[in-house]
Amino acid sequence: MKLELSGITKTFGSLVADDHVDLTVEPGEIHALLGENGAGKTTLMNVLFGLMHPDSGDIALDGEVVHFPDPGAAVRHGIGMVHQHFMLVPVFTVAENVVLGFEPTRHFGLLDRRRARADIHRISQEFGLEVDPDALVEDLPVGVQQRVEILKALSRDAQLLILDEPTSVLTPNETEALFAIMRSLVVSGRSILFITHKLKEVLAVADRITVMRAGAVIGTTTSQATTESELASMMVGRSVELVVHKEPARPGEVVLAVEDLTVEDARGLTVVDHVSFEVRGGEILALAGVQGNGQTEIEEALCGLIEVAAGRITLLGRDITRATPKARLRAGIAHVPEDRIRDGLVTSMTIADNLILDVFDVAPHARLGARNLREVACSGKERMSDFDIRAGSVDVLVSTLSGGNQQKVIVARELSRQTTLLVAAQPTRGLDVGSIEYVHRRIVEVRDRGAAVVIISSELDEVLALGDRIAVIYRGAIMDVVGPSVGRERIGLLMAGVTGDGAASSQTGVETGQ
Amino acid sequence: MTAVAILGGKPAVASEARIVSAGRRRGMGIFLVLASVLMLLTFGLGVSAGAETTFRLTSPFSTAWYLAPLHFPVRETSVVMAVVCAALGLLLIVRRRTRGTFVIFSLGVVLFLWSFLAWAARNNLLDLAGMIGATLISAIPIIFGSMSGVMCERSGVINVAIEGQFLMGAFIAEIIASASGDLWLGLACGALAGGLLGGLLAFLSLRYSADQIIVGIVINAFALGLTNYLTDTLLVPYQNTLNSGPTFSPIAIPLLDKIPIIGPDVFDQNIFVYLAIVLLVVLTTGLFRTRWGLRLRAVGEHPEAAETVGIHVLTVRYRNVIWGGVIAGIGGAAFTIGSTGEFSSDMTAGLGFVALAAMIFGRWRPYGGLLAALLFGFANSLQATLSVLNVPINPNILVMAPYLITIAVVSGLVGRVRPPANDGKPYRPQ
């Protein structure tokens, strides 16, 4: 099926999300839509899928203009979408999720489960998407959940499949498996629109690439005719440095020591399982792993945000296992949390206030129990320029800033204290290439000043770029600690829980699998 | 595709629908052991030797086949039961398996109750069959209320207004049935009144995304105020024409009403009991086996997912909240035309909230709500029985008992339950 979008415009109030966007997807091609967060990719796809209605512009399928009042209409026209946040009901089975909205029934609307199961079996066979129809979705790993989403689209006979940031939750090996599925789908004549901001993936899998920036199409090219750095400058609008420059680490004293750390979740299940590691001053330990394998809990345990079931955390020889978050801040821990909106900022307050959240009650920001607003504004201004926070003034609300500038506010606040240990979780998630470059440089600076740094990231590129040592975590346990030179393959396998000999054998499995 | 198979991996967390934590299990065990001490010392050794009790299994005038009453010595029975109950408690404390915890605990509680009743009715007579009947009667409105809650909350709307829907249903059903003399018209209008309040809840919370709990509370206050006002201005002066209507009479189901003990209690009842049973079956089947149920549960769990497959989330919610109101309205009608045939101010006495608790105890499932409602009904009939038997417990405390038991059960036994994931959260289509 050939898709043509012409002149699609969509505004939200004064914000123009998409500005006269034209895009053509040919039958049987993988077309990548590349752009930063906020470039208008997801809005465009929501328009295409009938979730939003364009202010102007046309959607044409095989030359015929169509209108989608709701997603049901888009599905009937052969469009399938795999959303970034899966649209699966966790407590339903695979079969229930696949048939939802298009249920085969018997008399009185009774569900025909046998037919549903048979249909799923048939499609699984046809496309090689193995999955148990009776498994509960919440019990499945994300890679398999994604397969269920694809299955759902195919079961409705999708000819054009939209994949919105499909690789953000996958291990590198799962990503490879997904690419294999994508290639086999286009062979059958279907087309795929692949939305992403990851340059390597685009070059690996796409036939043609369209780059968007600030709601407009910048250009379309093919993966043969372009390079990573060319795509990056198209995305950002200026040339960017993709490589982090850093000297070899000069590790000093042990700053952070974690021994047998064990954390349980609300249901009493072990999510961090006897984890031990050390970080020295002047080195970066990257904690790599797919999300949900216990790294968030390690981060929170280090910062005193959750209760520890067992184990010890020492900072410069001092036991801080049960210390309050405030005591830890005073002891020199800086924390860049994973979810900056929820845990890092009070978005309804100004930049100046957010910059002193940790020290609002002490001199010079407060005197005799009253705040010293002049000093707050003054130091705020200073840090805005030090940390390159771009906004009109220090009195601007944080909620109006871009993700990159919000992250800079957090980094500025956290690094303004004496830093002995920096804990940064997903420090560049959702940031544009320019901000990523900036945050990375700052982190390396902190290291070079002699602090210990723990980076928690699920982005393999970031782990490899920043980590002096890389600890790979899987299901709450550290699989191995390796140097960045071991390469992507090995770390990717460790992230999937494959170690040692197993790693070697299933590595060949991946290659023959393609 | 070998890679895909290898990388699929195993689920990180096994599905555990009912987790009874070790602490909770031990807590239940300790409770049984303590209960057995009470049984041994008070109900057993505290009773003079030779005291007997009689449990009547067939009420006088009952149509059921006759079963002879049970005579047994209180002291010996209680001692034996205390020993068994203590053993069950110890079993809960030492064992590591989770399965069967509730069964063992329930067994212990039944033994405790049996010995308690034997003690309370020593040298006296206890109408066991009558207690079961009273249990069902007081459970009926709560069953309707909890089904109403299931309807609404499974689709993602919290219905705190059950209490108000009860009151309006009771009031309207009574006044219409009295004035027209037509019971069925009264029932229909009571249901309609509940449905209208459901519609109001739906409109405010879905159209304007108002906080559902607050809207529910406001509706309750409104219903209470309105019925109080109308009672004073209409029902009191026109008591004979507007507030002394007919009531539904029992319909005996041939043969089934002859079953000993439960026959007359379940199968010689008025229309509300049968409606509740039909509703239970229809709702259970509907929720878990039909397209209708699958879609409405999807809306309550993950509305965005439902929307992306072409289900209109708000339509489903409107429909469910209104039907939920209708069901609660029928439950309300049971207070008047299904019972005394007379409306009195605030006669629902917070039972709408008990119904909400019953639904939570029942884990958002119709039959679970039924069991919880029966538990409350039992506590109620126990209270009535004990006050007749002159048990040395303050009657005011006895009246509190059903509510206390509800609190204890909901907080102590149920533990963490998982409501529908989007229960109570407003949904805004883009």
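Guide: Let us take chain B, where 77% of the contacts between residues at least 6 apart in sequence join residues at least 24 apart; a contact means heavy atoms within 4.5 Å. The model is a predicted one, in which local features need pLDDT of at least 70 and side-chain atom pairs count only at pLDDT 80 or more, while totals for chains, interfaces and linings use all residues; side-chain values rest on heavy atoms, with hydrogens and water left out. Residues are numbered from 1 along each chain as its sequence is written, and chains are lettered from A and ligands numbered from 1 in the order of writing.

The secondary structure of chain B consists of 17 helices and five strands; these are DSSP runs numbered from the N terminus, with helices (H or I) of at least four residues and strands (E) of at least two. Chain B has a radius of gyration of 24 Å, close to the 22 Å given by the globule rule for 430 residues, so chain B is as compact as a globular protein of that length. That radius is taken over C-alpha atoms, and the rule is 2.2 Å times the number of residues to the power 0.38. Along the principal axes, the C-alpha atoms of chain B fill a box of roughly 80 × 75 × 40 Å.

The aromatic rings deserve attention next. Over all chains, the structure holds 16 aromatic pairs. A pair joins rings of Phe, Tyr or Trp (its six-membered ring) with centres within 6.5 Å; planes under 30 degrees apart are stacked, over 60 edge-to-face, and the rest tilted. For comparison with the partner chain, Phe179(A) and Phe194(A) make an edge-to-face pair, at 6.1 Å between centres and 80° between planes. In chain B, the ring centres of Phe248(B) and Phe272(B) are 5.7 Å apart and their planes stand at 85°, so this pair is edge-to-face. Phe248(B) belongs to the loop between helix H9 (239-242) and strand E4 (251-252) of chain B, and Phe272(B) to helix H11 (residues 271-289) of chain B, so the pair ties together parts 24 residues apart in sequence. Phe248(B) and Phe272(B) are both buried. Elsewhere in chain B, a single aromatic cluster is formed by Phe43(B), Phe112(B), Phe116(B) and Trp119(B).

Two further residues of chain B show contrasting surroundings. Val299(B) sits in helix H12 (residues 291-301) of chain B and is buried, its relative accessible area being 0%. Leaving aside residues up to four places away in sequence, Val299(B) touches Ser155(B), Ala306(B), Ile311(B), Val313(B), Val316(B) and Arg317(B). Although Val299(B) and Pro420(B) are 121 residues apart along the chain, their C-alpha atoms are separated by 9.3 Å.

Asp346(B), by contrast, is partly exposed, at 36% relative accessibility. Asp346(B) is part of the loop between helix H14 (313-340) and helix H15 (351-361) of chain B. The phi of Asp346(B) is near 50°, a positive value in a residue other than glycine.

Chain A contains 18 helices and 22 strands, and 56% of its 514 residues are buried. In chain A, the mean positions of the 50 positive and 71 negative charges are 4 Å apart.

Methods:
Buried means under 20% relative accessible area, exposed over 50%, partly exposed in between (1.4 Å probe, protein chains only). Lys and Arg count as positive and Asp and Glu as negative; His and the chain ends are not counted. The place of a charge is taken as NZ of Lys, CZ of Arg, CG of Asp or CD of Glu.
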